[in-house]
Amino acid sequence: MEDNQEELNNNIKVKNLKNYIDKKNEYLKYLEKEVSKVKHDIKEKKEKIWSTCNHIWVPDRSYNNYDHTPYYCIKCFLAR
């Protein structure tokens with residue numbers, strides 16, 4: 001009889017943990033959608049800056065790759 005009660009308690013614990021995990025996964029999906037929205041918004045704003053700014057491009061000397069020297073705008077700090 002005691003084994004049955006212990007088995008029932010374990011089943012309840014497992015079910016509760018499974019529900020907890022499911023809720024956390026739903027919350028993660030929500031947060032991922034929110035992050036995606038924010039990234040999209042940032043991208044739109046950068047595109048607006050790109051088309052609006054009268055760029056002054058200077059080499060980025062902190063970049064240590066000899067194949068390609070990136071440039072950034074000293075006004076808006078976007079890179080190209």
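Figure 1. Glu2 is part of helix H1, which covers residues 2-52. The model shown here and in the other views is predicted. Glu2 is exposed, because its relative accessibility is 66% and the cut-off for exposed is over 50%. On the surface, Glu2, Asp3, Glu6 and Glu7 come together in a patch of negative charge.

**Figure 2. Salt bridge between Asp22 and Lys18.** Side chains of opposite charge can pair when their charged atoms come close. The whole structure contains three salt bridges. In the one between Asp22 and Lys18, the closest N and O atoms are 2.9 Å apart. Asp22 and Lys18 are about one helical turn from each other, because they are four residues apart in helix H1. Asp22 has a relative accessible area of 29% and is therefore partly exposed. Lys18 is also partly exposed, with a value of 47%.

**Figure 3. Salt bridge between Glu34 and Lys37.** The side chains of Glu34 and Lys37 form a salt bridge with an N to O distance of 3.3 Å. These residues are three apart in helix H1, so about one helical turn separates them. Glu34 is partly exposed at 28% relative accessibility, whereas Lys37 is exposed, with a relative accessible area of 52%.

**Figure 4. Salt bridge between Asp41 and Lys45.** A salt bridge joins the side chains of Asp41 and Lys45 (2.9 Å, N to O). The two residues are four apart in helix H1, which means that about one helical turn lies between them. Asp41 is partly exposed, with a relative accessible area of 34%. Lys45 is partly exposed as well, at 46%.

Figure 5. A pair of aromatic rings is described by the distance of the centres and the angle of the planes. With ring centres required to lie within 6.5 Å, the count is three aromatic pairs. Tyr27 and Tyr30 form a stacked pair, 6.4 Å centre to centre with 20 degrees between the planes. Tyr27 and Tyr30 are three residues apart in helix H1, so they are separated by about one helical turn. Tyr27 is partly exposed at 47% relative accessibility, and Tyr30 is partly exposed at 45%.

**Figure 6. Stacked rings of Tyr72 and Phe77.** Tyr72 and Phe77 make a stacked aromatic pair, with 6.4 Å between the centres and 10 degrees between the planes. Tyr72 is partly exposed, with a relative accessible area of 27%. Phe77, at 60% relative accessibility, counts as exposed.

Note on methods
Residues numbered from 1 in each chain as written. Predicted model: local features only at pLDDT ≥ 70, side-chain atom pairs only at ≥ 80, totals over all residues. Heavy atoms only, no water. Patch = residues over 30% accessible without salt bridge, like charges linked within 9 Å, V, L, I, M, F, W, Y side chains within 5 Å. Areas by Shrake-Rupley, 256 points an atom, 1.4 Å probe, with all protein chains shown as cover. Salt bridge = Lys/Arg side-chain N within 4 Å of Asp/Glu carboxyl O. Lys, Arg positive; Asp, Glu negative; His and termini not counted. Charge placed at Lys NZ, Arg CZ, Asp CG, Glu CD. Buried < 20%, exposed > 50% of the residue type's maximum accessible area, 1.4 Å probe, protein only. Phe/Tyr/Trp six-rings, centres within 6.5 Å; stacked < 30°, edge-to-face > 60°.
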